[in-house]
Amino acid sequence: MSGDDVSHQILAVIQAVPAGATNEDLEKQLPDITAAIRVEGLNKLLKQGSIEVLKKGDKLVYRSKDPKKSVLPKDADNEEKIVYGIIEEGGSKGIWIRDIRIQSNLNMTQLNKILKNLETKKLIKAVKSVNASKKKVYMLYNLEPDRSVTGGAWYQDQDFEAEFVDVLNQQCLRFLQMKRDNAEKKREGPLTFKQMSCCTVKEVHKFISDLGISKVNLDEDDLETILKTVVYDGNAERILMSDGSRVYRAINSPLAPPGLVQMPCGICPVIKNCSTFGDVTPTKCQYMREWLD
């Protein structure tokens, strides 16, 4: 059996296991191939960029790889390939250096050297996370960080943009009030008035986009977050329509607004991670302290 035939058989087994095949899997599926020939075939596939090797616990795992997707140089050593593979699995949410160390079983000196080399080659990047100001997560260089890492449109360099949120809140309310005022001028019946004074998120998004007050791209989900703060302030109501969609409508509230929009918790993108312990807590939150002051 030629070397190419062995490589093709090994690759077929690996491709059949999306999570990656271990040496035990290869031995079981290819009992007629000796360990030495199997290693030779694996090395050939690694050089070709057809597979990648990961370390899970104390076992090596071989996983099929799309050559077009990978930018890791062919001359990268095994440790770099392992670290790169672990970071790649982290996706756009990234992975802490502690988790990389645990999964790779490398000491910190060796790991830091590999990370620095990969960063220098612009294969990976370190991104500061709003979950912990003093920690960084690593991800592939060409990935856009997830909102849970950057905080989305409401954070700039890890700082909560309270003034920006306040401006958006005021402009969204202004648009809702304009719709209500225009509906009142029509002097139609109460049902027609209510229908005409309602706004969809899409309409509000277009209004804010046309104003050009945001330096970052805001999508409809961002604007719905702001509209919810208008509702929490008692200045609007959220109405469920018969088709399952929701619309917003300005109301005249007899009560003073609670000012929840000024409170970081109102639109905090990592509030689900907030608890009484860990890195994200009310007692450690600098934005909460500034708001209380």
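Q: Taking axes as lines fitted to C-alpha atoms, for helices over the stretch in contact, with angles from 0 to 180 degrees between N-to-C directions, at what angle does helix H8 run to S11?
A: In this predicted model, helix H8, which spans residues 162-186, runs at about 80° to S11 and lies across S9, S10 and S11.

Q: In what order do those strands sit in their sheet?
A: The order is S9-S11-S10, in an open sheet of 3 strands with antiparallel pairing. The edge positions are taken by strand S9 (198-199) and strand S10 (236-240), each of which pairs on one side only.

Q: How many bridges join S9 to S11?
A: There are 2 bridges between S9 and strand S11, residues 246-250, and the two strands run antiparallel. As for individual residues, Cys198 has Arg249 in S11 as its bridge partner.

Q: Which residues of H3 are buried?
A: The buried residues in H3 are Arg38, Gly41, Leu42, Leu45 and Leu46. They lie on the same side of H3, because the arc that they cover around the axis is only 140°. Ala36, Glu40 and Lys47, on the other side of H3, are exposed.

Q: Is Arg63 buried or exposed?
A: Arg63 has 14% relative accessibility, so it counts as buried, the cut-off for that being under 20% relative accessible area. Arg63 belongs to strand S3, residues 59-64.

Q: What does the side chain of Arg63 pair with in a polar contact?
A: The partner is the side chain of Glu89, at 3.0 Å. Leaving aside neighbours within four places in sequence, Arg63 is also in contact with several other residues, including Ile14, Pro18, Ser50, Glu52, Leu54, Gly85 and Glu88.

Q: New topic: where does Ser104 sit, and which residues is it in contact with?
A: Ser104 is found in helix H5, residues 97-104, and is buried, with a relative accessible area of 3%. Beyond its neighbours within four places in sequence, Ser104 is in contact with Lys55, Ile82 and Ile86.

Q: And His205, how far is its C-alpha from that of Glu220?
A: The two C-alpha atoms are separated by 5.9 Å, with His205 and Glu220 being 15 residues apart along the chain. His205 lies in helix H10, residues 201-211, and, with neighbours within four places in sequence left aside, it is in contact with Leu218, Asp219, Glu220 and Leu223.

Q: Finally, how many helices and strands are there in the chain?
A: The chain has 12 helices and 11 strands, and of its 293 residues 39% are buried. Among contacts with a separation of 6 or more, 55% come from residues 24 or more positions apart.

Terms used. Residues numbered from 1 in each chain as written. Predicted model: local features only at pLDDT ≥ 70, side-chain atom pairs only at ≥ 80, totals over all residues. Heavy atoms only, no water. Buried < 20%, exposed > 50% of the residue type's maximum accessible area, 1.4 Å probe, protein only. Helix = DSSP H or I, 4+ residues; strand = E, 2+ residues; numbered from the N terminus. Arc of directions from axis to C-beta. Polar contact = N/O pair within 3.5 Å; in protein donor to acceptor, adjacent residues only side chain to side chain. Contact = heavy atoms within 4.5 Å. Pairing = 2+ DSSP bridges.
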